[in-house]
Amino acid sequence: MVVDVEGNGHQPPDLVELAAVPVIGGIIGEPMSWLVKPETSIKHFATRIHGLTNEDVADCPTFEDITGNVVAALDADILVAHNAHVDLGVLQRKLTGWEPPEVFDTLKLARRLVPGQDSYRLGNLTEVFGLAEGLPGDLTPHRATYDALVAARLFVLLATKAYSLEELRGESPGGGEDEPPALF
């Protein structure tokens with residue numbers, strides 16, 4: 001499951017939007033997303049990044065109202081996120097006692113599997129690899145559904161560069177030159 005969260009600009013950040021996108025056998029499924037009314041208001045600089053205002057979430061459920069749906073969505077063998085420690089930090093604060101499954105961070109994977117990029121920010125990798133092609137026009141960067149979908153596409157791309165799950169995990173050097181990739 002690929003996840004992305006958008007925060008309210010406070011430290012530590014509170015959840016404003018969450019998206020989860022399933023990936024099974026290299027096939028990207030339909031995203032699930034939730035707008036959430038945070039406990040504290042959205043700061044102006046956060047609105048400048050993701051575009052969400054306090055008015056946008058005024059009538060949205062609190063996180064407690066959607067916790068069951070989120071836990072069900074996150075019930076997966078692996079969790080994928082770009083710069084995963086941020087998303088995991090928010091989720092672990094919000095889901096007391098929740099332990100994430102195995103985590104793949106597309107930021108770390110990209111640095112290892114596609115060296116030499118000018119930047120490993122999700123926006124740069126999206127542009128370099130054309131990860132936003134064909135997405136609906138109403139999806140925009142720095143919104144949870146868009147970011148989760150392009151991170152899912154990035155994960156699938158990176159997984160095709162690994163010869164095995166062990167290599168994806170960074171545990172082995174991978175296959176030989178004549179060996180086709182084993183993932184996806």
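## Buried cores and salt bridges

Glu-17 counts as buried, because its relative accessibility is 5%. Even so, the side chain of Glu-17 meets that of Arg-143 in a salt bridge, 2.8 Å from N to O. Please keep in mind that this is a predicted model.

**Nonpolar cores**
- The largest nonpolar core has 30 residues, and Val-2, Leu-109, Leu-158 and Leu-168 touch the most other members.
- β2 (15–21), α5 (106–113), α6 (122–129) and α7 (144–161) each give two or more residues to this core, with α7 giving the most at 12 residues.
- Beyond its neighbours up to four places away in sequence, Val-2 touches residues including Ala-19, Val-80 and Ala-148.
- A second, separate core holds 21 residues, among them Val-3, Leu-18, Trp-34 and Val-90.

**Helix α7**
- Of the 18 residues in α7, 14 are buried.
- From first C-alpha to last, α7 reaches 26 Å, close to the 26 Å expected at 1.5 Å a residue.

**Salt bridges**
- The model has 4 salt bridges.
- Glu-17 sits in strand β2 and its partner Arg-143 in the loop between α6 and α7, 126 residues apart.
- Lys-94 pairs with Glu-39 at 3.3 Å between the closest N and O atoms; Lys-94 lies in helix α4 and Glu-39 in the loop between β5 and α1, so the pair ties together parts 55 residues apart in sequence.
- Lys-94 counts as buried at 19% relative accessibility, whereas Glu-39 is exposed at 62%.
- Arg-169 and Glu-102 form a salt bridge with closest N and O atoms 2.5 Å apart, linking helix α8 to strand β7 across 67 residues.
- Shared partners join Asp-14, Glu-39 and Lys-94 into one salt-bridge network.

Definitions and conventions
Residues numbered from 1 in each chain as written. Predicted model: local features only at pLDDT ≥ 70, side-chain atom pairs only at ≥ 80, totals over all residues. Heavy atoms only, no water. Core = buried A, V, L, I, M, F, W, Y, C linked by side-chain atoms within 4.5 Å. Buried < 20%, exposed > 50% of the residue type's maximum accessible area, 1.4 Å probe, protein only. Helix = DSSP H or I, 4+ residues; strand = E, 2+ residues; numbered from the N terminus. Contact = heavy atoms within 4.5 Å. Expected span 1.5 Å × (residues − 1).
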